[in-house]
Structures are given as structure tokens and as C-alpha cells.
Amino acid sequence: MSENVNPIKYFLSGGFGGVCTILVGHPLDTIKVRLQTMPIPKPNEKPLYTGTFDCAKQTFTKEGFRGFYKGMGAPLVGVAPIFAMSFLGFGIGKKLQQSEPNQKLSELQIFYAGAFSGIFTTVIMAPGERIKCLLQIQHGNATPKYNGPIDCIKKLYAEGGLRSIFKGSCATLLRDVPASGLYFTTYEVVKRSLTKEDGSISLLSTLTAGACAGIANWVIGMPPDVLKSRLQTAPEGTYKRGVREVFVHLMKTEGPAALYKGFTPVMLRAVPANAACFLGFEAAKNFLDWLAPNY
């Protein structure tokens, strides 16, 4: 199956797919972050949450349905450029490896293009993730430190300047480069296997390929995501050596299993959110191909 790659169409379509992702997946992302960052219980003390469904129950009871959408302002405002940049990077990565416009790329070449896209998004993704996580861990029964994304940015800048806002950038890069590579590779491989002989693909097949991509992304991306969340939500000065110190501390205090904290909500979110992402991407791209078939 050949493909004429237009990075601009990838950019615009990726932005629309990203909006679809956030609207569908943010509630479970909130649960994931709360499980990843909850305090370690003291001896004879019950954990703050016993699991995914307990976290969801407590969030709804104390904060209502809106509690699941805490921190959505930052990713929603930034999600269009984040996903647009991700798909733009993927499109450019594919284009750079094509010796002719309609050349079909190998699975390894698709992985390289996907990994390349992970570098594109970090500059925007890291501060957005930092703000999102700080807002998500604010619980309904406590006085919030931050009153929203703008207030969070102002206070972070006052505490440590731009360095504080971009805290966790290396951890974000560590997560996104390999995870994005596997993400796009899985989508393309599954999509190719489900594409009909005439080149068409059904709605269900697109949803299936997107869901599989989301699962693959988080299987490899979950451990660095836990480290990133811990680093980005820790008080200033807690981890002076960055993500390495977070990893060492986590291994000593909680063990390897902690690297997959929040795994259940991540996987519950991965299927509908990424199915929605690629469905939105394909719908927008098909519309652009119809609108401007020669570009």
C-alpha cells in the first residue's frame, strides 16, 4: 500500500485527533496520575486509594463528575499543537525516508519516523504535563494551591522560573521517543493488515488499529511516565539529580511494581482514547484529501 505523505495534512489532522483523545480519555488520565502520586501509607495506615475503582468512587463522591476533568484546561489548550506536532514529526520522518513520493516504508522505518515525532512534542508536552499533573493531584477536600492552569504557571515561574515550568522534560523525552515509535508502528502494521484489497478500511478496523496502538504505547511508556509524574509533582528541591534520583528512590521504597502504578486506568483509557485519536485523524485527513487532492 503506497502513500503520498503530506506533513501539513498530518499536522492539521493530528491536531483534530488530539482533541478527540483528550475529550474521551482525560477522566482516566486523572485517576492514573492520582494513583501514581499518592503518598506511601505509614504502618497500619490505609492507602489513600485501594485501586482504580476506589479512586474513581472517591473522586466522584468528593468532587463530582467535574473532578475527573481537573487539569484538562492545560492539555486541551495545548493538545492541538502537541498532537499536530507529533503527527507532523511522524509525517516528516516518513517523508525523509521515502526515495519517491509513494514509496511504502518498512516497519523499522515507520518506527524511526514515530520516534522522531516524540522529539518534536517534548518542548510543548513537558510544561503541559507538569501543569496537568499538579492540578490533577489537588483533591476536593483540601484547599487548592493552584486555581487553574494560568495561576499554576504564574506560581511555578515565581518559584523557579522557566526551569520550574519545564521540570521533567528529560523524563518526558525518555517516555515519548520509544513509546511514539511503537505507537505509530503498531497503528500502521495493524491498519495495513486490516486494509481491504481495494485500499479501503472500515470504521471498526480504524478503531481497532488505534486501540492497539494505544496499548502498545503504554506498555513501553508506563515506567518512564510514572517517573515523570513523580518528578513533576514533587516539591522543589526533592529530586536534585532529576529522573535518575526518582528511579533510585522508587526502587528502594516501593520496588519495580511501582513502575506500573496506574496501569489499569491507563489501559482502560488507551483503547477508547487512541481509537478516538486515529478515527479523528483519519476523518480529518480524508476531508483534507478531498478538499485538496493534489497537495
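Let me start with the surface. The chain exposes about 14,300 Å², and carbon and sulfur atoms supply 66% of that area. This is a predicted model, so a word on confidence comes next.

The average pLDDT over the chain is 88, and 97% of the residues score at least 70. Confidence is highest in helix H6, residues 169–194, with a mean of 94. The lowest mean belongs to helix H3, residues 73–97, at 85.

Now the fold. What is the secondary structure of the chain made of? There are nine helices and zero strands. Read from the N terminus, the order of elements is therefore α-α-α-α-α-α-α-α-α.

On to dimensions. The C-alpha trace spans about 65 × 35 × 35 Å along its principal axes.

Inside the chain, 51% of the 295 residues are buried. As for contacts, take those between residues at least 6 apart in sequence: 79% of them join residues at least 24 apart.

Charge next. I count 32 positive side chains and 20 negative ones in the chain. The centres of these two sets lie 8 Å apart.

Two residues to look at on the screen. The first topic is Leu135. Leu135 sits in helix H4, which covers residues 107–136. Is Leu135 buried or exposed? Its relative accessibility is 6%, and buried means under 20%, so Leu135 counts as buried. Leaving aside residues up to four places away in sequence, Leu135 touches Lys70, Gly71, Tyr146, Gly148 and Pro149. Take Tyr146 from that list: Leu135 and Tyr146 are eleven residues apart in sequence, and their C-alpha atoms are 6.9 Å apart in space.

The other residue is Asn44. Where is Asn44 found? Asn44 is in the loop between helix H1, residues 7–37, and helix H2, residues 52–63. Asn44 has a relative accessible area of 88%, and since exposed means over 50%, Asn44 is exposed. The backbone of Asn44 is worth a glance too: phi is near 65°, a positive value in a residue other than glycine.

To recap: the chain has nine helices and zero strands, Leu135 is buried in helix H4, and Asn44 is exposed in the loop between helix H1 and helix H2.

Technical notes. Residues are numbered from 1 along each chain as its sequence is written. This is a predicted model: local features need pLDDT of at least 70, side-chain atom pairs count only at pLDDT 80 or more; totals for chains, interfaces and linings use all residues. Side-chain values use heavy atoms; hydrogens and water are left out. Helices (H or I, at least four residues) and strands (E, at least two) are DSSP runs, numbered from the N terminus. Buried means under 20% relative accessible area, exposed over 50%, partly exposed in between (1.4 Å probe, protein chains only). Contact means heavy atoms within 4.5 Å. Accessible areas come from the Shrake-Rupley method with a 1.4 Å probe; for residues, only the protein chains shown count as cover. Lys and Arg count as positive and Asp and Glu as negative; His and the chain ends are not counted. The place of a charge is taken as NZ of Lys, CZ of Arg, CG of Asp or CD of Glu. pLDDT is the predictor's confidence in each residue, from 0 to 100.
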